[in-house]
Structures are given as C-alpha cells and as structure tokens.
Amino acid sequence: LLQTIPGVGPVTMSAVAATIGSGHQLRSGREFAAWLGLTPRNHSSGGKERLSKITKMGDRYLRQLVVVGKASRIRQVASHPERADPWLANLLQ
C-alpha cells in the first residue's frame, strides 16, 4: 500500500515499515507528518492559534526520504508532463 503513493519507492517503503510497523498507532496522515517533523509547532492558548517554524523533531532519515521523493515528483512535472500527476500539475500552475 505504501508504494502506491506517488514518490514512495521500495527504499522509503521499507524504511517506513521498519520504523513504524503497521501504522495503526497513527490516526491520520497529518499525525504521521507531525511525527516526522514536517508540520509547524503549535503554540496556542486561549483559543488563539499560533504556529511557529517547522520543528524537524522526528526521524531525520525518513523525513529526508519523503521530501526527496516528493521533490522528484515535482521535478517530473517540468521534465515529463505526460507522466506527471494531473493534480500536482494543476497545483503548480
């Protein structure tokens, strides 16, 4: 299932599976991104939401694999638009 995600290959898939196992402890993709350190730190109080910089607290190796995989998919839009995801191509326009 992990390899069906665009930008995730066998190396990323095996690293994620070895690190988090089945993933049942994570409720959503947002929680996985927060666990990797890809989301801003939340400093909220009194109903006022303030987000600071990206924390980069998490598994550095997995974060690097995910970011490199997505960056390659973004570069693919420019070099091979016929193989690119239509959703990503529309997003970049």
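Select Arg27 to begin: is Arg27 buried or exposed? Arg27 is exposed, because its relative accessible area is 73%. For these labels, buried means under 20% relative accessible area, exposed means over 50%, and partly exposed is in between (1.4 Å probe, protein chains only).

Before moving on, a word on what you're looking at. This is a predicted model, where local features need pLDDT of at least 70 and side-chain atom pairs count only at pLDDT 80 or more, while totals for chains, interfaces and linings use all residues. Residues are numbered from 1 along each chain as its sequence is written, and side-chain values use heavy atoms, with hydrogens and water left out.

**Stop 1: salt bridges**

A salt bridge here is a side-chain nitrogen of Lys or Arg within 4 Å of a carboxyl oxygen of Asp or Glu. Glu31 is partly exposed, at 23% relative accessibility.

How many salt bridges does a search of the whole structure find? It finds two. For the other pair, select Arg73 and Asp85, whose side chains meet at 2.9 Å, N to O. This pair links distant parts of the chain, 12 residues apart: Arg73 is in helix 3, and Asp85 is in the loop between helix 3 and helix 4 (86-92). Helices here are DSSP runs (H or I, at least four residues), numbered from the N terminus. Arg73 counts as buried because its relative accessibility is 19%, whereas Asp85, at 22%, counts as partly exposed.

**Stop 2: helix 1**

Now select residues 10-20, which make up helix 1. Which of its residues are buried? They are Thr12, Ala15, Val16 and Ile20. These sit on the same side of helix 1, because they cover an arc of only 100 degrees around the axis; that arc is taken from the directions from the helix axis to the C-beta atoms.

**Stop 3: a charged patch**

Next, pick Arg41, Lys53, Lys56 and Arg60, which gather in a patch of positive charge on the surface. Patches are made of residues with over 30% relative accessible area and no salt bridge, and like charges are joined within 9 Å. Arg60 belongs to helix 3 (residues 60-79) and is exposed at 66% relative accessibility.

**Last stop: Ala78**

Finish on Ala78, also in helix 3. Ala78 is exposed, with a relative accessible area of 69%.

Definitions and conventions: Patches are made of residues with over 30% relative accessible area and no salt bridge: like charges are joined within 9 Å, nonpolar side chains (Val, Leu, Ile, Met, Phe, Trp, Tyr) within 5 Å. Accessible areas come from the Shrake-Rupley method with a 1.4 Å probe; for residues, only the protein chains shown count as cover. Lys and Arg count as positive and Asp and Glu as negative; His and the chain ends are not counted. The place of a charge is taken as NZ of Lys, CZ of Arg, CG of Asp or CD of Glu. Helices (H or I, at least four residues) and strands (E, at least two) are DSSP runs, numbered from the N terminus.
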